Amino acid sequence: MRGPIYLTADIRRIEQAAGNVTLLERAGAVAADFAAKLVSGKDVLVLAGPGNNGGDARIAAELLKQSFFRVTIAEKDIPAAKDWGLVIDGLFGIGLARPIEGDYAKLVEYANRQSCPVLALDVPSGIQSDSGRVLGCAVRASQTITFIALKPGLLTLDGPDYCGELTVADLGLDLQKLLPPSAWIAEPGLFKGMLKRRPSNFHKGTAGSLAVVGGAAGMTGAALLAGRAALRLGAGRVYVGLLEESAPEVDLLAPELMLRHPDDVFGEDLDAMVVGPGLGRGERAETLVGAALASDTPCVLDADALNLIAESTDLRKACVRRKAETLLTPHPAEAARLLGSTVATVQEDRVRAARMLCENLNAHTVLKGNGSILVARDGHWFINASGNPGMASAGMGDVLAGMLGALLAQRYSGETALALGVHLHGAAADALAAQGNGPVGLTAGELIDASRRIWNTWLKD
């Protein structure tokens, strides 16, 4: 999927800027044409609410009647039982601001019981268009046709579970002219011109040197996973500084990794660092995070590095002062600690939370989760649509951190590394699931080689 993303307030601005264009009629006509291709038989149930979404639905209903479909419009009351060929959900759109209750909730429940296709207009009723939250209850659509442009709520949190197959109808509007976008779906096509194909005259120094710092007692695997991921995504040299006193001297699964004492890696000539996988939260760990932040080396801050920054005013200030590329990779709980908030508050508006983290800490940020939110220092932001539930397993974040570090070491910009790395991480999981190696039972280590295969495909295209 490709395309720009607009918040609800921006969609309203576009509608106003479009002036006298008959958007309601255009949306209704597009919906009717789309519905006619989905319906099985002739009986169509149209759920029509009180606002513009209901207006789109009523126009679609009239056009379907003109095409000799048997159309029933339900505004509040549940219709008589029938073997419907299609349900069109036009109850509530992007204007919904409170939970669906009462008769409308009964209609949502009725729609969700049907075995026929369910087509949602703009957004499934009950899904908040900016956040993806379910407001009370929501229609589970098999198809959603969204008007003008993509909305964040279709792509993050609960939205993807409710919208089904997603189609965009731009209604003939020139969005670049009306309101240029500042947000997009994260996908490799956006950065095609920035991909670095290797010339024949190439050596490991050109591919960059990366240090991974972490691996405290009981967590050495986290740092090793990050190191292996970085190695296989093309970093020329990878040092792994392990805090564990009895850490191994060699990684038998990746003997190319150079295992070191954490203090020693800071003496190397580094192009990038990853700090945090399995780091722990002790005094020594805090000192290492401080040293990384004080350097002018591009840096990925993950896991316990983020928790330490959340706990220390000095580390927070050091992060804000950095001029070098800085990437933060929090999951919602880590984001809540960094914001002095709660997980529930972060999840209520993931876009807002990610943008606050980026602004407050002067760092490119990915707020991980279903529909990860990526925000660049320049204010551009993205939503990643790749990935699947199999990624909810131990070590996935360590692998992502290593991948991002590898891209920084190869001198990709922070924004490019973030968007490409996060999308690649999810695409590798999707490829494995398509082969039957997930989603259930998918492991972090499996993503490493899958990511390498896809990355090399991108470089060839």
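1. The order 2-1-3-4-5-6 describes an open sheet of six strands with parallel pairing, where strands are DSSP runs of E with at least two residues, helices are runs of H or I with at least four, and both are numbered from the N terminus; two strands pair if DSSP finds at least two bridges between them. Because strand 2 (70-74) and strand 6 (165-169) each have a single partner strand, they stand at the edges, and one side of each is left without a neighbour in the sheet. From one strand to the next, the twist averages 20°.

2. This is a predicted model, in which local features need pLDDT of at least 70, side-chain atom pairs count only at pLDDT 80 or more, and totals for chains, interfaces and linings use all residues. Residues are numbered from 1 along each chain as its sequence is written, and side-chain values use heavy atoms, with hydrogens and water left out.

3. Five bridges join strand 1 (residues 43-48) to strand 3 (residues 86-90) in the parallel sense, and Ala48 has Gly90 of strand 3 as its bridge partner. Helix 2 (residues 23-38) packs on the sheet, touching strand 3, strand 4 (118-121), strand 5 (143-147) and strand 6, contact meaning heavy atoms within 4.5 Å. The direction of helix 2 makes about 160° with that of strand 5, axes being lines fitted to C-alpha atoms (for helices over the stretch in contact) and angles running from 0 to 180 degrees between N-to-C directions.

4. Helix 3 (residues 52-66) also packs on the sheet, where it touches strand 1, strand 2, strand 3, strand 4 and strand 5, and its direction makes about 160° with that of strand 1.
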